[in-house]
Amino acid sequence: MDKELLLFILMVGSFMISCFALKLPSGMGMVIAAVVGALAGGFGVPVKQLVEGSMSMLDTVLVIAAAMVFMKCIQNSGALDDINSAIIRKFHRFPALLLLCLMVVVMFPGMITGSSTAAIISAGVLVCPILIEMGIPKAKAGAFIALGGMFGATAPPVNMAVMAIGSGIDIPYSGFELPLILLSFPLAFVTAIFLGYRDAKKSDLAAMAQKYEVARQNEEHPRSLWISLIPLIVMVVLMVLPNIFPQQVPSVGMTVIFLISAIVSLFTGKRRVNVLQTTREAIDSSLPVMGILMGVGAFIEVMTLTGLKGYVVVSCLSLPDTLLYVAILVTIPLFGAISSLGSASLLGVPFVLALISSDQIIVTAAIASLASIGELVPPTALAGIFGAEVAGVDRYSKVLRKCLIPALLIIVVSMLFIIFANPIASILG
């Protein structure tokens, strides 16, 4: 057996023992695995590489932190409550449109943070009771918000898996918007209809909308929905203008955009926001994700130091095309059971390099979409577990069963994007 293969097994085994046996956070497990790999490779404890690898993810970490601050600000200010109320009051006569709008609400936190967990524990907490009130069974409601969080993490503008793969192969985070939209929104809408339409159609949505209308009228100072939308509008404008007018409007970066939008939300919400407490909540919520990112950076740096990264790349390049596609189909989701982000970064990098003749933007986006399935793979199954907790389901396996068909759909579409990357790229221009 090759030395590099033994080293890889040792690193992965150390990570699994750290996470499953010792119950350590995934980010810490990545760092421990990196240290074990360096020691086994004869490099001692490579402090320089560990620090450099962790800091390589600093930009992404700052984006996640700022996005979570913005998400908590609009949540605590009451803007999300206003948006949910308006959606129900306006679309209660059209169950399909109502479900699509609620799916977008669930996706939104994941879109701006890159974290499915953030979407489930923020917007999912608000949307899930509405779904249950619409007559949708708890298991389906849990699956709805679990999958919504996953689709949100896949959708632009922030996709951490793509960022992680890009940092490993020096691809700038640019040009991924349309592929990620096609890999997330159509599947999300099909999922919303599949899980909710039959039950929602049987419910008395008019009575439900009337209840929200009465609650709005009983407010001391009812406000226009547009006031609640101002922070979101500011965010979109700051993101779009530099692309439309690159010479006239400089880009200030995603971190600054989210912070500006968060400041605007302090003055447009119906509730006063405790800035210090809200910021603390946001950082606490995003720490696990930021820890995983920095751990992945250290892990990849040590893989490069020991030559393991090159070994994995060469091994993937040596596979026939058919076996390569099978390897992607099997290993990316299964390794995602440990960490979907780790799966994308550790395995996605060599797979993208192995498919160097295919359009790398399309392949990278599709692998990121495929890696999201790891959020549903036991024993971790983070999206399924959080979805079950929010919906009040006693066993998360009930939620996972409802996620099965949409998950298979994600796998099929993602693999089609990988196999036909060049034709799809030519169509998209």
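Residues are numbered from 1 along each chain as its sequence is written, and side-chain values use heavy atoms, with hydrogens and water left out. Because the model is predicted, local features need pLDDT of at least 70 and side-chain atom pairs count only at pLDDT 80 or more, whereas totals for chains, interfaces and linings use all residues.

In soluble globular proteins, nonpolar side chains tend to be buried together. A nonpolar core is here a set of buried Ala, Val, Leu, Ile, Met, Phe, Trp, Tyr and Cys residues joined through side-chain atoms within 4.5 Å. Buried denotes under 20% relative accessible area, exposed over 50%, and partly exposed the range in between, with a 1.4 Å probe and protein chains only. The largest such core has 143 residues, and L131, M134, F144 and F258 touch the most other members. Helix α4 gives the most to this core, with twelve residues. Helices (H or I, at least four residues) and strands (E, at least two) are DSSP runs, numbered from the N terminus.

Contacts, defined by heavy atoms within 4.5 Å, show the surroundings of single residues. When residues up to four places away in sequence are not counted, M134 touches L98, L99, L102, D199, A200, S203, L205 and M208.

A pair of aromatic rings is described by the distance of the centres and the angle of the planes. Rings of Phe, Tyr and Trp (its six-membered ring) pair if their centres lie within 6.5 Å; planes under 30 degrees apart count as stacked, over 60 as edge-to-face and the rest as tilted. The structure holds three aromatic pairs. In one of them, the ring centres of F70 and F258 are 6.3 Å apart and the planes stand at 25°, so this pair is stacked. The pair links distant parts of the chain, since F70 belongs to helix α4 and F258 to helix α14 (residues 254-268), 188 residues apart. F70 is buried, at a relative accessible area of 0%, and F258 is likewise counted as buried at 0%.

A further buried position is I410, in helix α22 (residues 396-419), with 2% relative accessibility. I410 and L187 are 223 residues apart in sequence, yet their C-alpha atoms are 7.1 Å apart in space. L187 is also among the contacts of I410, which comprise M150, F151, L187, S369, S372 and I373 once residues up to four places away in sequence are set aside. With the same exclusion of residues up to four places away, S14 touches A33 and V36.

Charged pairs come next. A salt bridge is a side-chain nitrogen of Lys or Arg within 4 Å of a carboxyl oxygen of Asp or Glu, and by this rule the count comes to five. One of them joins K270 and D82, at 3.1 Å from N to O. This pair links distant parts of the chain: K270 is in the loop between α14 and α15 (275-306), and D82 is in helix α5 (residues 79-91), 188 residues apart. K270 is partly exposed at 35%, whereas D82 is buried at 14%. Another salt bridge connects D394 with K398 at 3.0 Å, N to O; D394 is exposed at 57% and K398 is partly exposed at 26%.

E52 is partly exposed at 38%, and K48 is exposed at 51%.

Patches are made of residues with over 30% relative accessible area and no salt bridge, like charges being joined within 9 Å and nonpolar side chains (Val, Leu, Ile, Met, Phe, Trp, Tyr) within 5 Å. Accessible areas come from the Shrake-Rupley method with a 1.4 Å probe, and for residues only the protein chains shown count as cover. L39, V45, V47, V51, M55, L58 and L62 form a nonpolar surface patch with about 600 Å² of accessible area together. The elements giving two or more residues to the patch are α3 (47-55) and α4 (58-76), and α3 provides the largest share, three residues. V51 is found in helix α3 and is partly exposed at 46% relative accessibility.
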